[in-house]
Amino acid sequence: MTLDLLVPGLLPPADAPEAMRTARFPALERWLARARPSREAARGTRGWLAAAFELGSPPPYAALALEGEGLGRPGAWLRADPVHLAVGQDAVALRDASLLAVTREESNALVDALGTHFKADGLNFNSPAPDRWYVQVPPGEVPVTTALDDALGRNVFGLLPRGSGALNWAGALTETQMLFASHAVNQEREARGQPTINGVWFWGEGVLPETLARPYAAIEGGDEFVRGFARISGAGTVIENGGGLAILDGAARALVRGDAAGWLEAVTALERDWFARMGALVSRHGAVRVIVPGHADTQVFTLDSSARWRWLRRARPLAGHA
């Protein structure tokens with residue numbers, strides 16, 4: 001059986017700081033050089049996972065993530081994540097909760113305000129974590145949305161949710177901005193010099209699937225979305241000799257924050273904890289695939305027993321594989 005390592009954010013982007021593009025990781029570079037490389041269509045991390053589990057597009061991100069939170073419920077769900085909308089001269093750009101440091105108290109207060117304001121529209125809000133909000137949507141009111149990752153940093157005009165029911169989703173976003181603008185939470189954040197939580201981003205629409213394909217016997221790591229896949233597919237949480245999927249997403253989380261030092265720390269941990277013992281992993285599982293989702297495509301580096309004999313291949317910095 002094959003061990004798959006899903007490692008988003010492993011390769012530094014072209015505009016990354018020099019420290020990221022020139023950093024050297026001997027074990028990682030050596031094994032990537034010895035791998036059989038291939039490329040797949042660009043899907044991003046969530047899209048790659050959805051395809052692996054034979055889900056349609058877009059996957060019901062919110063419902064699966066809520067299941068991963070241990071709060072799976074029937075009906076259609078959306079994420080309604082707290083965001084900061086930065087108003088410019090000609091555009092409104094989106095910044096997500098990773099830059100906001102939302103507290104539990106702030107989350108509770110704002111979600112309570114949302115629940116009260118939209119109660120008549122049948123929207124039921126839930127916040128299992130300060131930076132992860134969900135909303136249950138009545139039948140017939142599920143909009144078509146743009147994923148949060150796809151909207152970050154972009155002008156939100158043209159990316160707003162579009163519905164075919166009675167609820168005006170673009171209007172709901174405007175109402176939320178007005179509701180939050182005068183809320184005590186944001187008045188206190190402004191007084192402290194913090195960016196305000198001045199909106200929510202609706203995305204990830206869908207209903208929890210009753211069953212899923214089970215491509216992996218076990219899945220380790222990952223976020224609430226991945227845990228939802230594991231729970232519905234019946235995958236275990238400890239990878240043994242039968243192969244499995246390990247989600248190693250620390251580098252990707254650092255990239256979203258624009259945190260070069262955090263990226264270097266995350267890749268150093270990959271070097272130490274995984275690639276320094278790659279020979280043993282290949283021997284144990286028979287083959288290891290290093291899967292790196294990107295915007296242009298998904299790169300797959302396959303290592304098997306023959307890889308250790310490809311020692312003449314020249315190692316190069318990670319940026320050379322991007």
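On a 1 Å grid over the protein atoms alone, a pocket is an open set of points where a 1.4 Å probe fits, with protein on both sides within 12 Å along at least five of seven lines; lining residues have an atom within 4 Å of a point. The model is predicted, so local features need pLDDT of at least 70 and side-chain atom pairs count only at pLDDT 80 or more, while totals for chains, interfaces and linings use all residues. Residues are numbered from 1 along each chain as its sequence is written, and side-chain values use heavy atoms, with hydrogens and water left out.

The second largest pocket has a volume of about 180 Å³, the volume being the space filled by probe spheres set on the points, which are joined across faces, edges and corners. Its lining includes L85, F157, Q177 and W201. Helix α7 contributes the largest share, four residues; helices (H or I, at least four residues) and strands (E, at least two) are DSSP runs numbered from the N terminus.

F53, Y61, W203, Y216, F225 and F229 form one aromatic cluster; rings of Phe, Tyr and Trp (its six-membered ring) pair if their centres lie within 6.5 Å.

Conventions. Phe/Tyr/Trp six-rings, centres within 6.5 Å; stacked < 30°, edge-to-face > 60°.
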